Amino acid sequence: MSTESHTVDIQKHVRWYLRVFAALMILTVVTVAVSYLELTTRLAVAVALFIATIKGSLVACYFMHLISERKFIYTVLIVTVIFFVAMLLGPVMTQINSAGA
């Protein structure tokens, strides 16, 4: 029973990997096709960056398994935001204290 469910899980993952691989191939073809269009440099760079962002997100989410670790990622993101805000508020608070004294 456990072996069957494990096999089904592996087949499910393989199907997702094949879908992501197909999407990456299609996006690569789209990237090459866009290079043949007569676009302005800014627009061509914007389109290329947009496609690269999608491709990078697919790789990070599925091949690096980040899509299944949402709780950990959100926890790290929230802690990072808290430290970032604290780092920004530190100099502001010292400036306010020195100006008031």
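Helices (H or I, at least four residues) and strands (E, at least two) are DSSP runs, numbered from the N terminus. Counted that way, the protein chain has 3 helices and 0 strands, in the order α-α-α along the sequence. Two notes before we move on. This is a predicted model, where local features need pLDDT of at least 70, side-chain atom pairs count only at pLDDT 80 or more, and totals for chains, interfaces and linings use all residues. Residues are numbered from 1 along each chain as its sequence is written, and side-chain values use heavy atoms, with hydrogens and water left out.

**The whole chain**

Start with everything selected and turn the view around. The C-alpha trace spans about 70 × 55 × 10 Å along its principal axes. The radius of gyration (taken over C-alpha atoms) is 23 Å for the protein chain, while a compact globule of 101 residues would be near 13 Å. That globule rule is 2.2 Å times the number of residues to the power 0.38.

Buried residues make up 7% of the 101 residues, where buried means under 20% relative accessible area, exposed over 50%, and partly exposed in between (1.4 Å probe, protein chains only).

**The nonpolar core**

Next, select V20, L24, L27, I51 and L58: these 5 residues are the largest nonpolar core. Both α1 and α2 supply at least two residues of this core, and α1 gives the most, with 3 residues. A nonpolar core here is a set of buried Ala, Val, Leu, Ile, Met, Phe, Trp, Tyr and Cys residues joined through side-chain atoms within 4.5 Å.

**The largest pocket**

Which residues line the largest pocket? Select D9, K12, H13, W16, Y17, C61, Y62, H65, I67 and S68 to see them. To find a pocket, a 1 Å grid is laid over the protein atoms alone; a 1.4 Å probe fits at the points, and a pocket is an open set with protein on both sides within 12 Å along at least five of seven lines, its lining residues having an atom within 4 Å of a point. The volume is about 190 Å³, meaning the space filled by probe spheres set on the points, with grid points joined across faces, edges and corners.

Color the lining by helix: α1 (2-35) and α2 (41-63) each supply at least two residues, and α1 gives the most, with 5. By type, the lining divides into 5 nonpolar, 3 polar and 2 charged residues.

Zoom in on H65, in the loop between α2 and α3 (70-100). H65 has a positive phi of about 60° although it is not a glycine, and at 39% relative accessibility it counts as partly exposed. In that loop you'll also find I67, partly exposed at 32%.

**Out along α3**

Last stop: V85 in helix α3, partly exposed at 40% relative accessibility. The C-alpha atoms of V85 and A99, 14 residues apart along the chain, are separated by 21 Å. Finish on L88, also in α3, partly exposed at 49%. From L88 to M25, 63 residues apart along the chain, the C-alpha separation is 42 Å.

Definitions and conventions. Nonpolar A, V, L, I, M, F, W, Y, C, P; charged D, E, K, R; others polar.
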